[in-house]
Each structure stands twice: as C-alpha cells, then as structure tokens.
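Dear colleague,

I am handing over the structure we spoke about, and below it I set out what was found. Please read the notes with the coordinates open beside them.

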Amino acid sequence: SFCLAFLSPSMTITSVYDFFQPGLQVLILESGNQSVGEKLRGKALDVTGCAGRVDLISGQTTEEIEKFPQSSLDLIVAPGAVDGQLLSAICSRIKPGGVFLQATRDLDGVKRPLIFAGFLDITMPTEGLVVAKKPLYDVGARAPLRLGAARLTAAPAAAKPAAGAVWSLAASDLDELVPSEELVDEAALDARATAAAAAQ
C-alpha cells in the first residue's frame, strides 16, 4: 500500500505525522515549499522503517495521481485548493476506508466537492486540516443479498439467462402493479396494531 502526501506551508506538519504508520509506502508531493516536503519525508522515513518506502516529488496533477493503481493508497494529504477532477482521481486511488487530508480553513467550502468526489465523514479535527474518509466499499462493489430463511429453503426456479445488466420495465409489467386503493394505508396499519394489542 502507498501513502500519498501533498504539502503546503500552511499545513501543520505535526498534525500530519499522526497519519504515518510503519510499513507504508509513502509518496510526498510538495507544492512550492521544499523544506516542508523534506521534513515530512524525514519523519515518514523514521516511522515507516525498512518495510516502507518514501518518495518525494513535486506537483499535483491528475496524471501523476493516475500512475497509481486504483484503491491502492492508504492516505493522501493535499494543500488548500484541489479541483473536482483531481479529487475524483484521488478518491479512486484511495483504498476503501482510507483517509484524505486537505489543508484548508474553510470546511464548508470543501465539503460539497469532497462528497461529490466520493468521500464521507468529513470533519475538521485540527484547525486548518480537513479529514475525509472513503467508505468501506469501492465504486462498483457488490455483495449478495441476504434473503429470508423461507426463500432460501424454497425450490429454486429455473434459471433464466440474463438479458442485460440493466433492469428494465416492459409495458406488460404495468398490468401486474397493484392499484393504489388496494394498498394498505396508515389508518389500516394503526387498526391492525390496536387489534393485536387488544388480543394480547
């Protein structure tokens, strides 16, 4: 796994130190302030030890981010302004459950672009540092649905070949819809609950 860091002079260096862990492969991208990049590189080398790797490069472009495989980074740290296209590339490179750090004092200004990029749980635990977490799933992830025990024990129906990956509604399917007057309304549910309570 990799740890990717963008730096700016306004970022509190010590607040970033807490995110380095032993064994990480660290890439530090600096933006303009080489001494900050060198300080972080030195600390990352101390923390990651022999099992990790630390690289330091300059710049922040989508092409540089896209050199990394998708869902391969544990941590990304960025300077203030990051455009939406770069945020999307960053989010796609972070592992599910990974963290994105952004140096900014305007939480409200960055929250919406971070959400649109795919991040959740966006907070500002330290003044000037926004922490956004990627969900524990990735884009396109899927898992089987858990059905009730009655459905699992029923005889399986004959398998039909999948017509396509997209669900569609045919005109003949509309004939099977239940009219709204036959649906149970809230008053009927309340009457059932009252009758059940009186029976006990």
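Contact here means heavy atoms within 4.5 Å. With that cut-off, and leaving aside residues up to four places away in sequence, L114 touches L87, F100, Q102, F119, I122, V130 and A132.

Please keep in mind that this is a predicted model, in which local features need pLDDT of at least 70 and side-chain atom pairs count only at pLDDT 80 or more, while totals for chains, interfaces and linings use all residues. Residues are numbered from 1 along each chain as its sequence is written, and side-chain values use heavy atoms, with hydrogens and water left out.

L114 is also one of the four residues, with I90, F100 and F119, that touch the most other members of the largest nonpolar core, which has 20 residues. Such a core is a set of buried Ala, Val, Leu, Ile, Met, Phe, Trp, Tyr and Cys residues joined through side-chain atoms within 4.5 Å, where buried means under 20% relative accessible area, exposed over 50% and partly exposed in between (1.4 Å probe, protein chains only). Two or more residues of this core come from each of β4 (73-78), α4 (84-93), β5 (94-103), α5 (107-117) and β7 (129-133), and α4 gives the most, with five; helices (H or I, at least four residues) and strands (E, at least two) are DSSP runs, numbered from the N terminus. Apart from this core lies another, of 12 residues, among them F20, V36, L40 and V99.

Helix α4 is largely enclosed by the rest of the structure, because seven of its 10 residues are buried, namely L86, L87, A89, I90, C91, S92 and R93. Strand β4 is mostly covered as well, with five of its six residues buried. β4 and β5 pair in the parallel sense over five bridges (pairing requires at least two DSSP bridges between two strands), and L73 stands opposite I94 in β5.

Two backbone angles deserve a look. Most residues other than glycine have a negative phi. D121, placed in strand β6 (residues 120-126), has a positive phi of about 50° although it is not a glycine, and D121 is partly exposed, with a relative accessible area of 46%.

With best regards
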